[in-house]
Amino acid sequence: MPASIVAQMAISGALMGLVYALIAYGFQLTYATSKSINFGQGELVMVSAFFSLTLLDLGLSYWLVLPAGLLFGAALGLVVERAAVRLALEQKSEGWILLTIILGLFFFSAAENIWGRDDRPFPTPIPSESFHVFGVDVTPLELSVAVGVLAVMGLIELLKRKTLLGKAFEAVSVDRDAGELMGISAKRTVMLSYALSGTVAALAGILVSPITTVGPTMASALVLKAFSVAVVAGLDSGFGVVLVGMFLGALETLASFYVGSGWREAPGLVLLILALAVRPTGVFGKAAIRKV
Amino acid sequence: MLKRLLLVRGAELLLFVSLAALPLAVRSPYALGLLTLLAIYGILLIGLDVTVGYLGQVNLAQAAFLGLGAYTAAIVVTHSGLGLVGALVIAPSVCFVLGALLALPALRLEGPQFALATLSFTALATTALNELEWLTQGAQGFSLSRPPLLGHALGARDFYWLCMALLAMVWIAMRNLLSSQWGRAFEALRDSPIATDAMGVGTYRHKVAAFAFGSGLGGLAGALYAFNFQYLQPQSFVYELTVILLLGVVLGGRKSLWGAFVGATLVALLPNLLSNRTLFQAFSALGLAVALAAGARGLVRRTMRPFQAIAPVVATLTLVLGGLVVENTEDWRKAIFALMLFSVVVGLPEGLMGFATRFLAQLLRIAPPTLPPASPLDAVLPARPADGAVLLELRDLRRHFGGVKAVDGVSLSVRAGHVHGLIGPNGSGKSTLVNVVSGLYTPTSGVALLRGSALPQGSLVRVARAGVARTFQNLQLFTGLTALENVMVALTGVYRAPLPFVLLGLGRAEDRRARADALALLELVGLGDEARTPAKDLTYGAQRFLEIARALARKPEVLILDEPAAGLAHPDVVKQVEIIRRIRQRGVTIVLIEHHMDVVTQLCDVVTALDGGKLIAEGTPDEVKRHPKVIEAYLGNVGDVATEPAPPAAGARIS
């Protein structure tokens with residue numbers, strides 16, 4: 001096996017891994033403000049992708065569909081927050097785990113019936129002919145995924161650090177009650193985080209669809225790996241998800257080549273269980289001191 | 001009492017007798033197939049309820065254990081001569097072991113992380129079943145034939161009876177287990193893992209045991225599943241099934257065998273319900289009516305938030321309208337299931353059976369079981385000699401958090417029979433010191449000795465078992481358990497029956513004894529009349545008293561009370577002082593952290609004052625109160641202004 005082919009696979013895998021990182025980033029956003037994540041996040045990715053595809057079919061240009069899809073994702077995020085998360089948070093229970101699963105099931109079934117069970121191609125203006133850099137082949141499509149992921153994550157992090165709204169976001173993340181006492185509405189901050197998380201999910205759907213095609217089950221494998229990435233990196237690790245995402249992407253491409261394509265999912269799952277066992281707060285997460 | 005026994009056991013008997021008699025009347029093979037499936041799902045969901053209901057964790061691995069059990073059984077009967085009985089023993093055993101292995105890493109996890117770990121396990125199991133083709137024949141599926149039972153070929157009806165017999169056995173065994181100390185420990189674990197450890201119960205083995213048990217039942221159900229369908233495919237055991245199973249438990253009602261059974265019925269019958277349009281419309285209309293009635297009642301009585309009342313109505317209304325519009329309801333199976341569940345989870349969090357049992361208990365006036373008379377206190381908490389010898393000794397104990405020296409070289413001796421006060425301003429290191437001694441934190445350096453031998457470090461359970469019990473400044477009660485059960489969980493020296501005996505129902509005598517002993521301790525703290533009140537419904541003062549009764553159930557040599565009077569109203573402070581006096585009379589040595597100076601003065605033989613993690617004064621309460629360093633620590637440097645500063649007035653709260 002020449003080293004160049006190994007490098008080729010690792011790089012393609014790592015670029016794909018950025019999509020996992022993006023979805024994992026969506027988990028981080030809501031976990032920061034409310035210690036909750038949407039177990040139906042994969043369905044948001046998928047439904048947003050289908051919605052965007054419908055707009056494309058109606059003849060809208062890709063560059064108009066993109067913002068519309070992101071808005072749609074934000075709206076879905078708000079629906080999840082209102083229907084599945086807010087009540088459980090008010091009751092300080094973990095009911096949101098069940099409720100987000102239920103909502104995901106509903107979205108899945110709705111998508112199956114509205115758009116059908118078949119996988120459909122997703123047209124894109126970005127060319128897919130590969131070009132050669134540093135001895136490996138890369139397609140503009142793959143690069144667009146990388147650019148989109150890093151740009152959006154960077155933008156959101158910048159907003160969090162530089163704007164007043166962002167400071168409020170960070171304040172609620174650190175201490176919800178203290179934030180409320182300072183006049184920040186924790187409820188709105190949680191809503192904002194779910195809207196952002198939905199936006200990020202929609203972006204992941206739009207970016208990855210041209211590569212994977214669109215179908216009801218398109219995100220079930222994606223989201224499982226995003227869970228792995230989020231947990232292995234740590235649910236409060238910030239950019240840690242990028243590194244872990246790329247690592248996992250590369251690892252699974254190599255695993256599917258050396259062990260067999262059916263085992264493609266295995267490294268992420270094993271990694272997740274191991275990480276939870278060895279370091280539940282994640283590789284880049286902060287270990288908390290138990291207080292009583 | 002008799003009425004309760006008759007009704008509860010009578011209902012169970014009636015259920016199983018009618019289920020066993022049904023095939024005599026129903027001849028259709030299709031209906032028999034459904035009933036068999038119902039029994040299999042019943043076992044599966046009872047297993048799932050152990051983690052979901054009792055441990056309170058979202059477990060997404062049950063479908064995987066069903067699959068692993070099914071494949072194990074299939075492989076055993078196909079490749080070995082062990083037959084049906086062998087498969088029914090091996091499949092649950094394999095799943096029990098795998099469940100224990102998964103629980104070992106998952107054991108440190110809570111909430112979402114636990115759910116994710118189990119979700120990954122399900123995905124991993126599906127991958128393995130698909131890819132290990134030499135063993136499972138992969139995606140093409142595994143065919144097997146149902147082996148005879150001890151030489152008798154099993155027809156469909158015989159097999160149904162076998163499944164029902166196993167369901168009945170599982171039902172009885174689980175009832176015995178869950179009403180024993182094990183069941184209480186599972187629930188305690190859910191409410192407060194820290195207190196479960198601090199009461200010497202041990203979260204570790206109970207969590208692993210609960211999960212392994214549930215998984216083992218999944219394996220048993222899997223074996224029956226394999227013999228029922230006689231054809232297995234990895235795709236049958238994926239995420240979707242695991243979600244539906246989970247939702248079945250929640251819909252039926254958590255922490256209830258009946259709930260698991262109702263959930264199993266729904267899961268098994270749902271496809272039929274959906275294939276008949278009229279039936280579905282009637283059903284959804286009924287749902288809407290219930291949601292409207294319950295929502296209106298909840299809003300009028302203000303027992304529900306608006307969202308809780310309105311959301312189920314919206315969901316069921318969607319079902320009704322959908323039933324009119326949609327052509328093929330079966331295509332929308334998952335969405336319908338999701339809407340039903342959404343209504344139940346939001347509007348009826350205790351599930352159908354939780355609601356029904358509460359309703360029936362009121363309707364039929366079923367009294368809770370009577371309590372036995374309390375044991376004599378001398379039998380529960382024998383008086384210890386208060387010889388004044390050094391009992392607990394700390395030698396140069398330190399605990400640093402990064403640069404913060406929370407405890408910085410504290411040495412002190414607590415004598416047997418004393419009440420030893422520990423005072424100091426906020427942040428002086430009292431609580432950290434207690435947390436180090438009780439094993440919550442590992443000391444950075446130094447040792448704690450009990451009767452001259454070193455206490456275990458960094459393990460709440462082992463310190464508790466060594467004879468040091470504690471209470472918590474921020475209450476850590478098992479809120480879902482009654483006051484009596486809170487004490488029973490912590491009770492030591494009573495539970496001796498090994499697990500198999502408990503499953504067979506042979507642990508009831510010691511449970512009665514535990515009840516009587518716990519009642520004696522409740523009476524000691526004045527809560528004898530509140531024995532059946534759930535801990536979360538007790539007044540704040542009563543909760544503080546209950547924490548002490550629970551810690552006493554450890555029969556400790558040293559009892560550490562972390563601010564037992566914090567936040568109490570004056571009459572309760574008086575009661576609390578009286579309780580601590582009574583405990584001291586039993587010869588229990590007490591370490592008392594307290595801010596109320598009058599409490600300290602009234603109770604303590606010796607007081608140690610801390611500041612900045614260091615010991616600054618020690619002596620009788622009066623000596624310490626007058627000590628210049630203590631006054632400086634509380635009031636700042638008074639310096640030359642007052643050469644003889646007045647001691648804080650009795651009753652003044654210094655903090």
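## Two domains of chain B meet

In this predicted model, 8 residues of domain 1 of chain B are in contact with 11 residues of domain 2 of chain B. On the domain 1 side, the elements that give two or more residues to this meeting are helix H11 (239-252) and helix H12 (257-275) of chain B. That side of domain 1 of chain B has 7 nonpolar residues, 1 polar residue and no charged ones.

The domain assignment of chain B places domain 1 at 39-275, domain 2 at 277-347 and domain 3 at 379-635. Between domain 1 and domain 2 of chain B, the C-alpha centres are 30 Å apart.

## Where chain B touches chain A

Now look at the place where the two chains come together. Here 42 residues of chain B are in contact with 33 residues of chain A. Several helices of chain B give two or more residues to this side: helix H4 (83-106), helix H5 (111-131), H11, helix H14 (306-325) and helix H15 (333-347). Which of them gives the largest share? That is H5(B), with 13 residues.

Sorted by class, the side of chain B that touches chain A has 28 nonpolar, 9 polar and 5 charged residues.

## One residue at the meeting of the chains

Is Val345(B) buried or exposed? It has 24 C-beta neighbours inside 10 Å, so it counts as buried.

If you set aside its neighbours within four places in sequence, Val345(B) is in contact with Gly95(A), Leu98(A), Leu99(A) and Ile102(A), as well as with Val250(B) of its own chain. Now follow the chain to Ser375(B), which is 30 residues away from Val345(B) in sequence. The C-alpha atoms of these two residues are separated by 42 Å.

## An enclosed helix in chain B

Next, find helix H8 (residues 181-191) of chain B. Of its 11 residues, 10 are buried, so this helix is largely enclosed by the rest of the structure. The buried residues of H8(B) include Trp182(B), Phe186(B) and Leu189(B), and also Arg184(B), Glu187(B) and Arg190(B).

What covers them? Among the elements over the buried residues of H8(B) are helix H2 (29-54), helix H7 (156-178), helix H9 (193-198) and helix H10 (203-229) of chain B. Helix H20 (483-490) and helix H21 (499-503) of chain B are also included in this cover.

## Two helix pairs in chain A

In one pair, helix H9 (residues 218-233) and helix H11 (residues 266-278) of chain A have axes that come within 9 Å and cross at roughly 30°. H9(A) and H11(A) are therefore roughly parallel to each other, and H9(A) passes H11(A) in a left-handed crossing. Residues making the contact include Leu224(A), Phe227(A) and Val231(A) of H9(A), together with Leu272(A), Ala275(A) and Leu276(A) of H11(A). By class, this contact has 9 nonpolar, 2 polar and 1 charged residues.

In the other pair, helix H1 (residues 3-34) and helix H10 (residues 240-258) of chain A pack at an angle of about 135°, and their axes are 6 Å apart. H1(A) and H10(A) are therefore oblique to each other, and their crossing is right-handed. The contact of H1(A) with H10(A) has 17 nonpolar, 7 polar and 1 charged residues.

Conventions. Residues are numbered from 1 along each chain as its sequence is written. Chains are lettered from A and ligands numbered from 1 in the order in which they are written. This is a predicted model: local features need pLDDT of at least 70, side-chain atom pairs count only at pLDDT 80 or more; totals for chains, interfaces and linings use all residues. Axes are lines fitted to C-alpha atoms, for helices over the stretch in contact, and angles run from 0 to 180 degrees between N-to-C directions. Helices (H or I, at least four residues) and strands (E, at least two) are DSSP runs, numbered from the N terminus. Angles under 35 degrees count as roughly parallel, over 145 as roughly antiparallel, 65 to 115 as roughly perpendicular and the rest as oblique. A crossing is left-handed if the near helix is turned anticlockwise from the far one by less than a right angle, and right-handed if clockwise. Two residues are in contact if their C-beta atoms, placed from the backbone, lie within 7 Å. Ala, Val, Leu, Ile, Met, Phe, Trp, Tyr, Cys and Pro count as nonpolar, Asp, Glu, Lys and Arg as charged, and the others, Gly among them, as polar. Domain bounds come from an automatic or database domain assignment. A residue is buried if 20 or more other C-beta atoms lie within 10 Å of its own, exposed if 12 or fewer, and partly exposed in between; C-beta atoms are placed from the backbone.
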